[in-house]
Amino acid sequence: AGKTINDTLLIRNHDKERPLNLSLRIIDFSYTDDSGAPKLMIDEGAPKTSWSLRDNINIPETVSIEPGSSESIDMSVTIPENQGGCSLYSAIVYSSTSSEGGNVGLSASGVTLVFANIPGVCKEDLVLKRVGAFNDAKNVNNGEYAFFHLDEPKRIAYTLQNNGNVAASPVGSITLRPWFGKEIVINNINPNGSLALIGQERTFVSCVKLKGETVGFNGTRAESTTCDTSGLWPGFYSVELAGYYGQNGNNTKDLVGSSWFIYMPWWAIAILVAALAFITYYVRKIVLHIRSKNSKAMLKKRK
């Protein structure tokens, strides 16, 4: 509080022939759903949120970048002296403009989210709503929790409700314990440092097992990670979350929860049914054999 932070924004013009003319505007944002997608409040008359940084960010209104080059734009964030401990955040929107004036369009990458965490006594309050195996038969954002899985679970998820005034980032581990075999530990339950925004119910999804892959973008190559086959055996699993959160000098708070799921693919169900049928058949034979012997013994006694 009472301080100013200076930073820069690097903007590249990938067009080799035409200059890039941009207008910059600061807007507020909230959340779309329980995923990480922000809900941008782009209307000119949109009211300020309680976490707004709109009045605290200083940036130029326009910028022009030559073809095939980049430009560093100065920005600063100033926090009032009387501001208590909390999180404030807004977004910088880049709109391309034509030489005649007026906005042409906004690309999907034309937004920068700006977060400021102000030290001090604040209200940090994350409530664990649910934890368990996550069914990603659809895409991750449209996935759902499930207790019974025919397909091998690749992801474990947990859902938090943020009732505080700080955008919180949980850390910790998740342990999967099968009835038989070795337990599996997911050591980093939030590898990207994702945030639960103020008032948001946010679902965090972790891979049981990660694999690296190389992806290409605009002529460059980068390393990325995705969920690999988990290697789980069919059976019953317990899920235990041991996490925590805390920042700005406040006391660390625990996130503890448990759940369970059953992984039983069709081939395992077929084997189980066959085994039960086999056992039932031979148990029935044994019972009939014993009854037959008892009947014969009783007939002998009567004679």
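Modeller: Strands (E, at least two residues) and helices (H or I, at least four) are DSSP runs, numbered from the N terminus. It's a predicted model, where local features need pLDDT of at least 70 and side-chain atom pairs count only at pLDDT 80 or more, while totals for chains, interfaces and linings use all residues. Residues are numbered from 1 along each chain as its sequence is written, and side-chain values use heavy atoms, with hydrogens and water left out.

Colleague: Fine. How do E11 and E12 pair?

Modeller: Strand E11, residues 126-135, pairs with E12 in the antiparallel sense over two bridges. Tyr145 in E12 is the bridge partner of Phe134.

Colleague: And which open sheet has E12 and E11 in it?

Modeller: A four-strand one, in the order E12-E11-E14-E17, with antiparallel pairing. E12 and E17 are at the edges with a single partner strand each, so one side of each has no neighbour in the sheet.

Colleague: What's the order in the open sheet of five strands?

Modeller: That one goes E13-E21-E20-E15-E16, and its pairing is mixed. Strand E13 (148-149) and E16 are the edges here; each has a single partner strand, so one side of each is left without a neighbour in the sheet.

Colleague: Mixed how? Which sense do E13 and E21 pair in, parallel or antiparallel?

Modeller: Parallel, over two bridges. Phe148 has Ile262 in E21 as its bridge partner. E20 and E21, on the other hand, are antiparallel over 11 bridges, and Gly243 stands opposite Leu255 in E21. At the other end, strand E15 (residues 171-178) runs antiparallel to E16, joined by three bridges, with Leu176 partnered by Ile184 in E16.

Colleague: Remind me what holds strands of a sheet together?

Modeller: Strands of a sheet pair through backbone hydrogen bonds, either parallel or antiparallel.

Colleague: Okay, switching topic. Is Ile156 buried or exposed?

Modeller: Ile156 has 0% relative accessibility, so it counts as buried. The cut-offs are under 20% relative accessible area for buried and over 50% for exposed, with partly exposed in between, using a 1.4 Å probe on protein chains only. Ile156 belongs to strand E14.

Colleague: What does Ile156 touch?

Modeller: Skipping residues up to four places away in sequence, its contacts include Phe134, Ile174, Leu176, Phe204, Val239 and Phe261. Contact here means heavy atoms within 4.5 Å.

Colleague: Which residues touch the most other members in the largest nonpolar core?

Modeller: Leu126, Ile156, Tyr158, Ile174, Leu176, Val239 and Phe261, out of 22 residues in that core. Elements giving two or more residues to this core are E11, E14, E15, E20 (235-245) and E21 (253-263), and E20 has the largest share, four residues. Apart from this core lies another of 21 residues, including Ile11, Ile59, Leu88 and Tyr94. By nonpolar core I mean a set of buried Ala, Val, Leu, Ile, Met, Phe, Trp, Tyr and Cys residues joined through side-chain atoms within 4.5 Å.

Colleague: Now the largest pocket. How much space lies in it?

Modeller: About 910 Å³. A pocket is an open set of points on a 1 Å grid over the protein atoms alone, where a 1.4 Å probe fits, with protein on both sides within 12 Å along at least five of seven lines; lining residues have an atom within 4 Å of a point. Points are joined across faces, edges and corners, and the volume is the space filled by probe spheres set on them.

Colleague: Which residues lie nearest the centre of the largest pocket?

Modeller: Asn192, Ser194, Arg202, Phe204 and Val205, from a lining of 43 residues. E17 gives the most to that lining, six residues.

Notes
Pairing = 2+ DSSP bridges.
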